Amino acid sequence: MTRLREKDIDGLGANLLRLDGELYDICGAGLREIAARASGLLTVPEQGLKIGVVPVTAGLGIIGGFSSAVCSILRCLGAEAEITEETDAAGMYESLGRNEATILADDKIYFALNHKTGRLAENGSATGRGFAAALELAAGSLEGEQVMVAGAGPVGLAAADYLQKCGSEVIVYDIAPEKLKGLPYKVTTDIRGQAFAYILEATSSAEVIKAENLTDKTIISAPGMPLGVENASALRKEGRLIHNPLELGTAVMYMDLLL
Ligand code: 2YC
């Protein structure tokens, strides 16, 4: 799991409306709608959840701006979100006493809990489904289409599961053959010279996807941090790249709590 850097999320809150518009242009749906679809939520309740965002000092510690970025994303979805005064266990205790839900991350896990229903949301699964749903919407339909998923980690495998359920023919690429064992998809350890119409890039390496892997119509949905696509600016300009470091995964986590 890649640990975000402060500069990855700098200004995130102020750019949420722009991101919503960009997603709308590419997918025909904004952040809230894509996230609801990814979690299988049919209607988003008007009344948002009261949710505590708990800063966690464990491990490599606080990432500057992380808690406020999470807060901004949740508020943009209609939640009543606040950062707790306390951190860590004291912050969890504070949130349990005054909120309906809590969200927090250390270096190993980023999860959320709905105190009332016990519903748990986890970022890897949420992110995979979120970017898969965005790709499906951007494509119009993936029924019968081949999708290449790069990265057989928790995010890529959650995306692959969602994409297979959309009727697409999933091929999972990873450089480590042991990560491909027993998967219910076509698998490969080599994509050199192969172009794909639809790509979901979920690796923690940069420049995994080369120009030779693209057609002039390829759409890439890329939760991977750093962005694993070389010369991505052309794709971005043509509205064929979906990539954001925290927003979509967090939005799906929130929708998962409402299930
Ligand atoms: O500021 C804080 O509370 C820190 N403990 C947050 C650490 C987040 C570490 N995880 C990541 O940077 C990302 C997640 C956003 C999703 C996967 N890795």
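## The ligand and its surroundings

A backbone N or O atom of Gly61 sits 3.5 Å from a nitrogen atom of the ligand. A polar contact here is a pair of N or O atoms within 3.5 Å; within protein, one must be able to donate a hydrogen and the other to accept it, and residues adjacent in sequence count only if both atoms are side-chain atoms.

This is a predicted model, where local features need pLDDT of at least 70, side-chain atom pairs count only at pLDDT 80 or more, and totals for chains, interfaces and linings use all residues. Residues are numbered from 1 along each chain as its sequence is written, and side-chain values use heavy atoms, with hydrogens and water left out.

Here are two further backbone partners of the ligand.

| Residue (polar backbone atom) | Ligand atom | Distance |
|---|---|---|
| Thr2 | nitrogen | 2.9 Å |
| Ile63 | oxygen | 3.0 Å |

On its own the ligand exposes 460 Å², and the protein buries 95% of that (Shrake-Rupley method, 1.4 Å probe; for residues, only the protein chains shown count as cover).

Now let's turn to Leu41. Leu41 touches Ala36, Met255, Leu258 and Leu259, leaving aside residues up to four places away in sequence (heavy atoms within 4.5 Å).
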